[in-house]
Amino acid sequence: LVFNDETFTTTSSVVGILDIEGNRNLITNCIFRGANTTGKGPTIGISLEQDVSDNQVLHCDVYRIRGGTSTASSRGIIVRAGSGDNRVSGCATLETATSGSGGASDYFVGAGVVKETTIDHCFASDTTPGNGTGNVPSLTASQIWNNAASNDFRLQKTSLALNAGDKLGVVFSTDITRTARLGPFDVGAYE
């Protein structure tokens, strides 16, 4: 799944590129780049909605999610309150921003998340990831990818994301191009 350079015009609602509203979904090897909102609504790259559980978002690249003039916050990947037993692993989510006063974060776990929600083996560009995300290392796009601004999300030969993912061979064993993933996996959509 590749989502590239879309602009949404909103007056008040949230724009979620991928809203996961069910249980036991597996989202892997996806790229979300350059989603923008004009108007009042915040923008969210991947949203695990309220009251969902047992979902996995694995090895996705989320880059430059931009919100509008809202006082609400824009998020790269969000796990909303009331959800539980979800996992986000091996993702690189960088340069989430908003032009409003609501702020932005690459990862955010809402207050009141039930059961365990895990964010592991991920990278972010903000140094203070949202509530409950634990230790997510902060890097820039140029430290990870060849050239994200030109849609090249392959990892640099010196990237800290090389071999920094979890070995998830029981879940899936290829990257976005169907190249075999050999553990430990690389972070992001490409091996």
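The conversation below covers the cysteines and then some strand pairings.

Q: What kind of model is this?
A: This is a predicted model, in which local features need pLDDT of at least 70, side-chain atom pairs count only at pLDDT 80 or more, and totals for chains, interfaces and linings use all residues. Residues are numbered from 1 along each chain as its sequence is written, and side-chain values use heavy atoms, with hydrogens and water left out.

Q: How many disulfides does a search of the whole structure find?
A: The search finds 1 disulfide, a term for a pair of cysteine sulfur atoms within 2.5 Å. Cysteine 30 and cysteine 60 form it, with their sulfur atoms 2.3 Å apart.

Q: Which parts does that pair tie together?
A: Cysteine 30 lies in the loop between strand 3 and strand 4, and cysteine 60 in the loop between strand 6 and strand 7, so the link ties together parts that are 30 residues apart in sequence. Strands (E, at least two residues) are DSSP runs, numbered from the N terminus.

Q: Changing topic, is strand 5 parallel or antiparallel to strand 9?
A: The two run parallel, joined by 4 bridges; strands pair if DSSP finds at least two bridges between them. Isoleucine 44 has arginine 75 in strand 9 as its bridge partner.
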